[in-house]
Amino acid sequence: MKRLLSTFLIALAIGWLTASAQNDSEGKYTLKNGNITMVIDAAKGGKILSFKYGDQESISQLRWPEAFGSTFWTSPQKEWYWPPVPEYDKKPYTVEEKDGVLCMTSEVNDKLKYRICKMFKTDGQAIAVTYSIINESDEVRKVAPWEITRVQNEGGLIFFEAPVEGITPAGLMNFKEAYGAAWYQTDETNENRKINVDGKGWLAYCANGLLLVKQFEDLDASQPAPDEAEIQVYVNRGKAHIELESQGAYTTLKPQEQLSWTVRWYLQPCNQVSEPSEALMQQVRKLLK
């Protein structure tokens, strides 16, 4: 959805409250919602460093580059390829807190001419993250939002609502279809692998007795950016980390226009299983009601 107001005024209009947010001297902000805690590092790309239930961590804490935490990029990737754009992924974000609103804002990248804003709030049982992409150029541009969350490859189950035959490339990962979803028991090979699929607006990972669920806008197959997808799963070679990725709609922005896209993060204890589970599906559906 396009918005012509400033990011900060939008936040006020939504009425987001982040009164539980606390920051330390290094630029890290902590949000709490019941038993779940999220830590965001404004000094290093506005990256989500940690997402815990109690004392138990759900996302990767590996410390080599591009292997930990959760970040945000613009899509399609072919516009910048690699490495990630430093203004969005690693450089400091400014932080503004006023009237209960927490907003982290990036610098503008000289090539892409976008500014990124990330806003955080508690939302029922979830922590909601809204990403905004602002077109700071003097040209009409087209772009999509893209969240990348790294988890460790620890023998977990990744699942989402989609037919297995809709996953591309076919056969790259051993997905099974059951209980209305596609399921992948994580494994390891000597090659990097990535799949694309048109899902139904959520992506889940069960590992070490925790169920991580991310909810986002459900797209039809025509809405993602070229060569991209609503849901992507990347598995690094060996047994290092996995990326749980979701993307929003490819959107046309006039100069100074922006799009906003929200991902709701849920985290709950679950029964650890190695096969598709009706109980896990019911747990996800109950969260997303």
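Select C206 first: at 0% relative accessibility, C206 counts as buried (buried means under 20% relative accessible area, exposed over 50%, partly exposed in between, with a 1.4 Å probe and protein chains only). This is a predicted model, where local features need pLDDT of at least 70, side-chain atom pairs count only at pLDDT 80 or more, and totals for chains, interfaces and linings use all residues. Residues are numbered from 1 along each chain as its sequence is written, and side-chain values use heavy atoms, with hydrogens and water left out.

Next, select C103 and C117. They form a disulfide, with sulfur atoms 2.5 Å apart (the cut-off is a pair of cysteine sulfur atoms within 2.5 Å). A search of the whole structure finds one disulfide. C103 lies in strand β9 (residues 101–105) and C117 in strand β10 (residues 114–123), so the pair ties together parts 14 residues apart in sequence. Strands (E, at least two residues) are DSSP runs, numbered from the N terminus. C103 is buried at 5% relative accessible area; C117 is buried at 1%.

Move to T186, in the loop between β15 (181–185) and β16 (193–197). T186 is buried, at 8%. A polar atom of its side chain lies 3.3 Å from the backbone nitrogen of G155. Beyond four places in sequence, the contacts of T186 include N153, E154 and I158 (contact means heavy atoms within 4.5 Å).

Now pick I158. Counting beyond four places away in sequence, I158 touches residues including W183, Y205 and L244.

Finish at C270. C270 is buried, at 12% relative accessibility.

Definitions and conventions:
Helix = DSSP H or I, 4+ residues; strand = E, 2+ residues; numbered from the N terminus. Polar contact = N/O pair within 3.5 Å; in protein donor to acceptor, adjacent residues only side chain to side chain.
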